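Here are my notes on the structure, point by point. Please read them with the model open.

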Amino acid sequence: MARKGEAATAPYGEPRKFDPKFRGPIHNRHCTDVLCCVIFIVVILGYIALGILAWVHGDPRKVVYPTDSSGQFCGQKDTINENKTILFYFNILKCASPIVLINLQCPTTQLCVSKCPDRFATYIDMQGSYRHNKSYWEYYRQFCKPGFNKPWKSVAQVIRDEDCPSMIIPSRPFLKRCFPDFSTKNGILTVANQTTFKDGRGKTRNVTDLREAANGINNVLDARSVGMKIFEDYASSWHWILIGLFIAMIVSLLFLVLLRFTAGVLFWIFILGVIGIIGYGIWHCYWEYDHLQGTPGSDLTIYDIGFQTDFRVYLQLRQTWLAFMIILCIVEVFIILMLIFLRNRIRIAIALLQEGSRAIGYIMSTLFYPIITFVLIAICISYWAVTAVFLSTSGEPVYKVMANQTLCKYANLTCDPETFNTTNVTKLCVGAQCTFAFYGGESFYHKYIFIFQLSNAFVFLWLVNFAIALGQCTLAGAFASYYWAFRKPADIPPCPLFSSFGRAIRYHTGSLAFGSLILAIVQLIRIILEYLDHKLKGTQNSFTRFLLCCLKCCFWCLEKFIKFINRNAYIMIAIYGKNFCTSAKEAFFLLMRNVVRVAVLDKVTDFLLFLGKLLVAGGVGVLAFFFFTHRIPVFTQETPTLNYYWVPLLTVIIGSYLIAHGFFSVYAMCVDTLFLCFCEDLERNDGSTAKPYYMSASLHRILGKKELSPKKAMG
């Protein structure tokens with residue numbers, strides 16, 4: 001870095017020029033990266049058009065309502081199925097698992113019914129009882145195809161034509177589908193307290209034949225029971241949860257305010273604690289080393305005993321404790337030397353942290369800006385999700401041949417239900433039917449639905465990254481206004497956050513969109529790699545898996561690097577108003593010229609913010625634990641009775657952490673902005689009357705200057 005008072009030298013020996021008229025981030029603005037701004041607006045308009053197109057072709061009822069074998073919705077108003085809201089499967093034994101049922105891929109006739117069967121019955125038994133009591137048929141026919149009224153038709157023909165199910169089983173509706181009413185009795189799987197049933201084809205079967213489906217269904221039903229209890233817990237404790245989250249917000253604010261006074265104390269207590277713990281470790285290793293002297297076998301070397309699965313054997317060797325002691329001594333000396341040689345940079349880092357707390361104190365509105373970012377991201381997520389649902393339901397009904405014979409060559413081929421009975425398929429494949437399979441199509445739109453879904457995901461990533469970038473640039477502009485105010489707080493411009501937001505939108509939409517675009521491309525590539533890795537997990541090609549692993553690692557590192565560059569580029573954009581590439585380059589080289597300060601500040605900030613998050617989430621969590629477990633005598637009567645006390649407890653802990661993270665993300669952005677401003681201040685000014693520093697008095701003292709300029713001292 002250049003000496004104070006001299007012009008900084010840019011890379012490759014080119015002198016870096018400063019604008020002598022620079023007076024902070026408000027002046028000399030012009031639109032940047034206009035081309036990218038135009039492209040971004042066009043993409044947004046195209047995204048809106050894609051949403052409209054999906055809305056025109058899509059039908060979310062295909063997700064809400066189950067569909068029968070004719071492609072009709074169950075429970076749809078103004079149709080014959082309006083009062084038939086539940087889907088019934090003729091032969092549930094053909095359904096391998098609940099996932100198959102939910103995805104409507106079960107290879108059996110599916111029918112919309114008003115209620116599920118509540119008893120065991122077979123078509124054969126119904127025919128035997130029909131002669132004496134027609135009520136049996138009246139009950140059974142509601143599970144047959146509409147219009148079928150031939151109870152005397154032979155069982156073989158009914159099963160072949162799938163007019164009626166060969167059997168019905170006591171069931172209950174779940175996800176608007178009839179599932180067998182499974183339960184366990186003394187560890188034995190039962191259906192309506194029975195372990196056997198008739199399959200309607202002359203066989204008595206055990207309910208364990210449904211075990212593969214039953215296991216999954218029981219898990220889902222158990223999950224539903226747990227879900228109901230969790231809902232009850234939320235209903236009775238939601239106001240206490242809100243109180244806990246409010247306490248977390250107050251504690252987060254207090255922590256940020258107190259950092260102005262306690263940042264240095266907390267850091268040095270931690271450092272001295274680490275030194276003390278390592279020192280105790282050195283003493284303990286020496287004590288063990290000395291204590292084992294003269295013990296038989298303790299003078300053997302690790303090489304002598306070789307590899308042992310019981311690692312306690314190594315603790316009986318003096319050489320082991322000697323090695324531990326040497327390693328700890330090296331770590332201790334390294335930490336002490338780092339503190340000695342980096343003490344001034346650590347003091348600067350702590351001073352910047354304290355300055356960040358002071359800046360937030362003057363611009364309190366910045367603490368609530370994450371709410372705006374959250375709303376923007378929520379809008380993006382909602383639009384993406386709705387568009388994805390409409391796209392996925394944009395197809396027309398596709399019918400396929402469902403044949404009883406596995407050797408039928410027409411099985412799984414598409415068919416037309418209106419002309420199917422006139423073809424020779426029914427003659428070649430006895431019992432074959434043309435049933436609804438899924439939604440799709442052969443038009444241009446339907447062929448490119450996958451591309452549209454990919455575009456939907458890509459623009460979603462772009463917009464989310466843009467919302468985050470807008471927040472970072474807005475906060476950076478507000479905090480830069482604070483730093484470059486010569487007399488603080490008198491020279492801080494009015495409404496710095498609102499003004500910074502306006503500048504970012506008016507002048508730098510293109511630059512923010514450019515940085516977001518680069519990051520979105522990398523993230524999309526990572527998603528594609530994850531998808532390929534998931535698809536290729538079962539392959540035995542070791543080279544392919546190794547290559548994918550390397551690519552995933554490389555792009556993960558690339559994404560982290562781009563996020564780091566973008567963050568600092570947005571700060572430079574907020575300060576100087578230059579385009580993205582220039583800002584990214586200047587930010588990168590400025591950080592490289594201060595790489596040691598960057599490392600020290602980053603680690604000190606990470607530690608203090610981690611300590612703050614731990615304090616907020618842990619402290620509020622402990623308080624919530626004592627409250628919800630009735631361990632606070634004062635509030636014993638007010639504490640709600642819960643099924644699972646951990647439900648509100650985890651909600652409070654996770655919510656507290658997210659609240660703290662939201663506040664501390666503003667603080668981290670403040671510190672990063674002040675740091676870049678600090679580095680710029682050192683390079684462009686020398687502390688003289690002509691070029692006074694803009695930094696605070698505490699930072700000025702750390703740099704070793706005797707006094708500030710007269711005006712500065714007055715501020």
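How far apart should the ends of helix α17 be, given its 14 residues?

1. Length of α17. This is a predicted model. Helix α17 covers residues 580–593. At 1.5 Å a residue, its 14 residues should span 20 Å.

2. Start of α17. A side-chain oxygen of N579 comes to within 3.3 Å of the backbone nitrogen of C581.

3. Buried face of α17. The buried residues are F580, S583, A584, E586, A587, L590, L591 and R593. What do they pack against? Their partners are α15 (496–535), α16 (542–576), α18 (595–628) and α19 (646–684).

4. D233. This residue belongs to helix α7, residues 211–291. Is D233 buried or exposed? Its relative accessibility is 1%, and buried means under 20%, so D233 counts as buried. Leaving aside residues up to four places away in sequence, D233 touches L642, N643, Y644 and V647.

5. Second largest pocket. Its volume is about 610 Å³. The lining has 26 residues, and those closest to the centre are S70, K145, D161, Q433 and C434. Elements giving two or more residues to this lining are β2 (110–113), α6 (155–161) and β13 (433–440).

6. How many residues of each class line the second largest pocket? The lining has 10 nonpolar residues, 11 polar and five charged.

Key: Residues numbered from 1 in each chain as written. Predicted model: local features only at pLDDT ≥ 70, side-chain atom pairs only at ≥ 80, totals over all residues. Heavy atoms only, no water. Helix = DSSP H or I, 4+ residues; strand = E, 2+ residues; numbered from the N terminus. Expected span 1.5 Å × (residues − 1). Buried < 20%, exposed > 50% of the residue type's maximum accessible area, 1.4 Å probe, protein only. Contact = heavy atoms within 4.5 Å. Polar contact = N/O pair within 3.5 Å; in protein donor to acceptor, adjacent residues only side chain to side chain. 1 Å grid on protein atoms, 1.4 Å probe; cavity = no way out; pocket = protein on both sides within 12 Å on 5 of 7 lines; lining within 4 Å. Points joined across faces, edges and corners; volume = space filled by probe spheres on them. Nonpolar A, V, L, I, M, F, W, Y, C, P; charged D, E, K, R; others polar.
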